[in-house]
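Biologist: Before we look at single features, could you take me through how to read a model such as this one, from the whole chain down to particular residues?

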Amino acid sequence: MNIVLTTLNAKYIHTNLAIRCLRAYVEPEHQVEMVEYTIKDPSINIVTDLFKYKPDVIGFSCYIWNIEETIKVIGMLKKIKPELKIMIGGPEVSYDVMYWMERLQDVDYIVIGEGEETFKQLLDQLKSGETDFTNIHGLAYRTEDQKAVVNPQRNKLNLQEAPSPFRFEEDLPHLSKRVTYIETSRGCPFSCQFCLSSIEVGVRYFNKEKVKEDIRFLMKNGAKTIKFVDRTFNISRSYAMEMFQFLIDEHLPGTVFQFEITADIMRPEVIEFLNENAPTGLFRFEIGVQSTNDATNELVMRKQNFQKLTRTVSMVKNGGKIDQHLDLIAGLPEEDYDSFKKTFNDVFELRPEELQLGFLKMLRGTGLRIRAEQHQYVYMDHSPYEILKNNVLSFEEISKIKQVEDVLEKYWNDHRMDYTVEYLVTEVFATPFDFFQEFGLYWDKMGWGRIGHQLEDLFQRLWNFLSFWSEENRSIIHSLMKLDYLRGQKYKPRKPWWDDTLIKEERSELYRKILASPSLLGKAFEELQLSEKDIYKHTVLEMISFDLNHFLQLGEIKEKPSLLLAYFDPKDQQTKLFSTPIKYLEEVNV
């Protein structure tokens, strides 16, 4: 019996943990081929490739991001080979199971919930030719007369005895290029009504010594990005501390570990430990804030102390060791446009390295979907089941928030213009949300969401937008944008996005003065001992309207016409910035 486990990942760099857990559990009794695709791959290409394995049974791991594309693949497979047994599993099809059995007539079996034991028992019976599946808990199937039957769910797996899903030889060459997902626990202690994790009560842990051995094995074989999928990694402080210490002690250079953290339950002493002991860049935290509206949080049974969350995020940020990704959800119950604006501003005030703005998805099986009528939710019929409106948030308002999402991703999360954006949200616009909203509206009006963007385009488009706003601050904003652009380059740019402010003769004169008196740009510049060739080949000169050195040291804008020199060091591909007031250069005679 030829068995294939497969899935359609969102991106090539992703890997599917579920099919690896299933394969590890059923081997060596059953030999399983494992192959992954992406949702961007043409369906016919996937079907053609799958048939190379001459499958008798194919199992698909299903999620909201791949279910519709998976259905297309299944339909073609059954047309070509009707006797092929198709099974599906995963969070997208584990709830409202009868709906899926009725909708997907090409599907023979649905493995419900935690699938290892159910999958193995099903393979055992298929291999033996047994057609009575009534004793396989956690399985939906069809009888000989095509009636759909859903068996009761089975007891939870003993995770302490679960085999490792990371020892497959074919995975090893790809570890350095893809994200490796690992779980040390299953379940969630919380009951957030928009989340599938709320359905599984309690938290169960894998054998931590086996987990450590897996991590050692993964690092030894080249894994660079290891993401823990535990719903709340720090629910047990002692467990989290032990794992943090282990990772600090045994990590290999270049490895990054990502965790989902519940920030308001993290104790200050844990953060102090990480700030003192964790190497910079080793850890990355993902924190679901979702909303700062207490009434909204209560309606979705989400317990959150935003004051304690703020303390945690601030302490971590001040430590400078760990990047933080904070999540918001637009469209939660009774959070209207103005309330969401406040939530956004509350969280942006923390200046996370990344702020993810998502939209509520009415997932099958969640309490919020079951009680959708209470808040007059209107949402997509098919995945991703995103809301279109509710009783306090219109479709037009949701569309406006989507405009915020678009420019937030490009102008904050990508960190192309940190100095500029910081100035705009504190000095020019009333609130951060107002900046992103106004710019998003303009972006959409200009039709830029439908075309591609080079880096220079992003700067020029922001500058075009700002030309309608602030005459008073234009010279400072323009100077900050130049600074952001230059410091983000590895090599001397051929043609910056702005028009030259210096004519060729002026630029040559300034270079002569710098060569004659390099100390004008400070001791660090003088110590570089750049030749005339180096200066002309690897530097850019520009005029700015403020004292750069004062700004970099204190973060304050002190207006003073200055010269900015950016040196693009060819040895380490680092940009080094130097500046001097114009009046000092005027005193130099060449």
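Biologist: How far apart are the mean positions of the positive and negative charges of the chain?

Modeller: Keep in mind throughout that this is a predicted model. With Lys and Arg counted as positive and Asp and Glu as negative, the chain has 74 positive and 91 negative charges, and their mean positions are 3 Å apart.

Biologist: What does the chain span along its principal axes, and how many helices and strands does its secondary structure come to?

Modeller: The C-alpha trace spans about 95 × 55 × 50 Å along the principal axes, and the secondary structure comes to 22 helices and 20 strands. Of the 590 residues, 53% count as buried, while the chain exposes about 27600 Å², of which carbon and sulfur atoms supply 49%.

Biologist: Among contacts with a separation of 6 or more, what percentage comes from residues 24 or more positions apart?

Modeller: Such residues account for 70% of those contacts in the chain.

Biologist: Let us turn to the rings. How many aromatic pairs does the structure hold, and how should I read the geometry of one of them?

Modeller: The structure holds 44 aromatic pairs. To read a pair, one takes the distance between ring centres and the angle between ring planes, where planes under 30 degrees apart count as stacked, over 60 as edge-to-face and the rest as tilted. The rings of F228 and F257 have centres 6.3 Å apart and planes at 50°, so this pair is tilted. Since F228 belongs to strand 11 (residues 225-228) and F257 to strand 12 (residues 256-261), the pair ties together parts that are 29 residues apart in sequence. Both F228 and F257 are buried.

Biologist: Which class does the pair of Y337 and F433 fall into, and why?

Modeller: The ring centres of Y337 and F433 are 5.7 Å apart and the planes stand at 75°, so the pair is edge-to-face. Y337 lies in helix 11 (residues 337-348) and F433 in helix 15 (residues 432-445), so the parts tied together here are 96 residues apart in sequence. Both Y337 and F433 are buried.

Biologist: Where do charged side chains lie over rings, taking R369 and K402 as the cases?

Modeller: R369 lies over the face of Y385, at 5.0 Å from the ring centre. The charged end of K402 sits over the ring of F359, 4.0 Å from its centre.

Biologist: What should I expect of the backbone in general, as regards phi and the peptide bond?

Modeller: Most residues other than glycine have a negative phi, and most peptide bonds are trans. Against that background, the bond from E27 to P28 is cis, with omega near 5°, and P28 is found in the loop between helix 1 (17-26) and strand 2 (32-38). The bond from S383 to P384 is also cis, with omega near 15°, and P384 lies in the loop between strand 16 (378-379) and strand 17 (387-389).

Biologist: Where are D96 and Q573 found, and what is the phi of each?

Modeller: D96, although not a glycine, has a positive phi of about 60°; D96 is found in the loop between strand 4 (85-89) and helix 4 (97-103), and is partly exposed, with a relative accessible area of 43%. Q573 has a phi near 55°, again a positive value in a residue other than glycine. Q573 is in the loop between strand 19 (559-569) and strand 20 (574-581), and is partly exposed at a relative accessible area of 32%.

Biologist: Finally, which residues of helix 8 are buried, and what covers them?

Modeller: In helix 8 (residues 268-277), the buried residues are P268, V270, I271, F273, L274 and N275, and their cover includes helix 7 (237-250), strand 13 (283-290) and helix 10 (306-319). P268 has a relative accessible area of 17%, and counts as buried because the cut-off is under 20%. Leaving aside neighbours within four places in sequence, P268 is in contact with R311 and M315; P268 and M315 are 47 residues apart in sequence, yet 7.9 Å apart in space, C-alpha to C-alpha.

Methods: Residues are numbered from 1 along each chain as its sequence is written. This is a predicted model: local features need pLDDT of at least 70, side-chain atom pairs count only at pLDDT 80 or more; totals for chains, interfaces and linings use all residues. Side-chain values use heavy atoms; hydrogens and water are left out. Rings of Phe, Tyr and Trp (its six-membered ring) pair if their centres lie within 6.5 Å; planes under 30 degrees apart count as stacked, over 60 as edge-to-face and the rest as tilted. Helices (H or I, at least four residues) and strands (E, at least two) are DSSP runs, numbered from the N terminus. Buried means under 20% relative accessible area, exposed over 50%, partly exposed in between (1.4 Å probe, protein chains only). A charge sits over a ring if NZ of Lys or CZ of Arg is within 6 Å of the ring centre and within 35 degrees of the ring normal. Contact means heavy atoms within 4.5 Å. Accessible areas come from the Shrake-Rupley method with a 1.4 Å probe; for residues, only the protein chains shown count as cover. The place of a charge is taken as NZ of Lys, CZ of Arg, CG of Asp or CD of Glu.
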